[in-house]
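The questions below take up the terms applied to a structure. Each answer sets a value against its definition.

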Amino acid sequence: MEAAGNERLARGGAGMDLTTAAMRDVQAREAAATIPVYGQLPFLPERASGCELITADGRRILDLYGGHAVACLGYAHPGLVRAISQQSKRMLFQSNAVALEVRARAAEALVSVAPSSLTRAFFVNSGAEANENALRIACTGTGRRKILAVTHGFHGRTAAAAAVTWNAADSWYGFPMMPFEVDFIPRNDVDAAKRMIDRDVAAVIFEPVQGIAGAFGLSPDFVTALRRATRAEGALLIADEVQCGMGRSGQFFAVQVYGIEPDLLTTAKSLGGGIPCAALLATEYLASQQKPGDLGTTFGGGPLAAAAIVAVIDAIREDGLLDNVRQREAQIREHCNTGPVRGIRGMGLLLGLVCDRPATEVRAALLQRDILAGTSADPEVLRLMPPLVLTAGHVDRLAAALADIGPRT
Ligand code: PLP
């Protein structure tokens, strides 16, 4: 089937025309009935299995993008499918107005894999919402009104999250006013970090590995300086692990690779393996400052999301996925620095392939070879954030495709 699909694609024959027509039809219907803000890729997946997206004409596209780093267990993982189907039959939803055994299990599982100082979870629905709550806890908890973020970082599209996102206000996703004072520490500038973090600062928010910036891992010295200076000045440190968390770094959380303990940590995307959910993790002290009613959400911590979180954490542990992430990273670094690639950066399975031409061109060439990768804010960096269940065979397939594309002539 795979060969047949590829052959049709190469020939551009009748099957290809029908598939293209179906894709154009669906894209036109979406564009007509939704607010058309997305540039969409030129294929129409019908179903997915393992690490592959399968189109109507049988193309099996190796998914190294994972639906924006969400599909951490790939597609149709038996443990995740079982957990959400059983939970949906038992009870699809109940709010936080009642205690739920599955929510308790999800919170226990999540704090058990988090840095040891983060003992409390608050469940929400998206990465931006988790960051929004973390920033609010920082401002109310310290009584200060200034937040520092790091240049090139991304934290989401709600008012507070966009305010701390690099370049958002001027050129991309600004609101008319900032909810607090914001300044940006130049990334990896240890001296600037020490100078800028003072007693006016409520918190510093940072992505240990900056995802949208093109899988840019902050230097250990810089991350350590952020931790030391915030602690010395009574400010909080917020690690945004929405993209790099939940096993993608080769540890459950990237701060564990850096060996630091933040005061607050946010996680989303891979957390539910595709069921939308997010969480804010906090220290015992910060949690104790919150009174009933201080935080809230309708859907956060719903039973379906909680069942998915438990299944994802179980699978990462039981399927040995942290080891797999480290092995696949090593394999990619060894074999994929070829063809258009002139350097590899990032951590675990959040990697940036630095290309010798615009990354959009390399992504198109890979897609012609049935491999999907992502781009990033850096025009030369192709972003890989595949399922953590990626196999050695998949990496071989990527290496062969890159070699086939070849260096720029
Ligand atoms: N933080 C980081 C590091 C992200 O990469 C993203 C999304 O890409 C967000 C926050 C926002 O998450 P969401 O889109 O779930 O609101």
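Q: What makes the contact between the side chains of R60 and E52 a salt bridge?
A: A salt bridge is a side-chain nitrogen of Lys or Arg within 4 Å of a carboxyl oxygen of Asp or Glu. The side chains of R60 and E52 meet at 2.8 Å, N to O, so the pair qualifies under that cut-off. This is a predicted model, in which local features need pLDDT of at least 70 and side-chain atom pairs count only at pLDDT 80 or more, while totals for chains, interfaces and linings use all residues. Residues are numbered from 1 along each chain as its sequence is written, and side-chain values use heavy atoms, with hydrogens and water left out.

Q: Why is R60 called partly exposed, and why is E52 called buried?
A: Buried means under 20% relative accessible area, exposed over 50%, and partly exposed in between (1.4 Å probe, protein chains only). R60 has 22% relative accessibility, so R60 counts as partly exposed. E52 has 12%, so E52 counts as buried.

Q: Which residues are linked in a network of salt bridges?
A: E52, R60 and R397 form such a network. A search of the whole structure finds 15 salt bridges.

Q: How do you know that R227 and D263 form a salt bridge?
A: Their side chains meet at 3.0 Å, N to O. The pair links distant parts of the chain, 36 residues apart: R227 is in helix α10 (residues 220–233), and D263 is in the loop between α11 (254–258) and β11 (264–267). Helices (H or I, at least four residues) and strands (E, at least two) are DSSP runs, numbered from the N terminus.

Q: Are R227 and D263 buried or exposed?
A: R227 has 6% relative accessibility and therefore counts as buried. D263, at 14%, counts as buried.

Q: What makes R342 and E380 a salt bridge?
A: The closest N and O atoms of R342 and E380 are 2.7 Å apart. This pair also links distant parts of the chain, with R342 in strand β13 and E380 in the loop between β15 (371–372) and β16, 38 residues apart. E380 has a relative accessible area of 34%, so E380 is partly exposed.

Q: Which residues of α14 are buried, and what covers them?
A: The buried residues are L321, L322, N324, V325, R328, E329, Q331 and I332. Their cover includes α13 (303–318), β13 (341–347), β14 (350–355), β16 (381–384) and α16 (392–405).

Q: Why is the chain called as compact as a globular protein of its length?
A: The chain has 16 helices and 16 strands. Its radius of gyration is 22 Å, close to the 22 Å that the globule rule gives for 409 residues, so the chain is as compact as a globular protein of that length. The radius is taken over C-alpha atoms, and the globule rule is 2.2 Å times the number of residues to the power 0.38. Of the 409 residues, 52% count as buried.

Q: What separates domain 1 and domain 2?
A: The centres of domain 1 and domain 2, taken over C-alpha atoms, are 27 Å apart. The contact (heavy atoms within 4.5 Å) takes seven residues from domain 1 and 12 residues from domain 2. Domain 1 covers 46–76 and domain 2 covers 78–318, with bounds that come from an automatic or database domain assignment.
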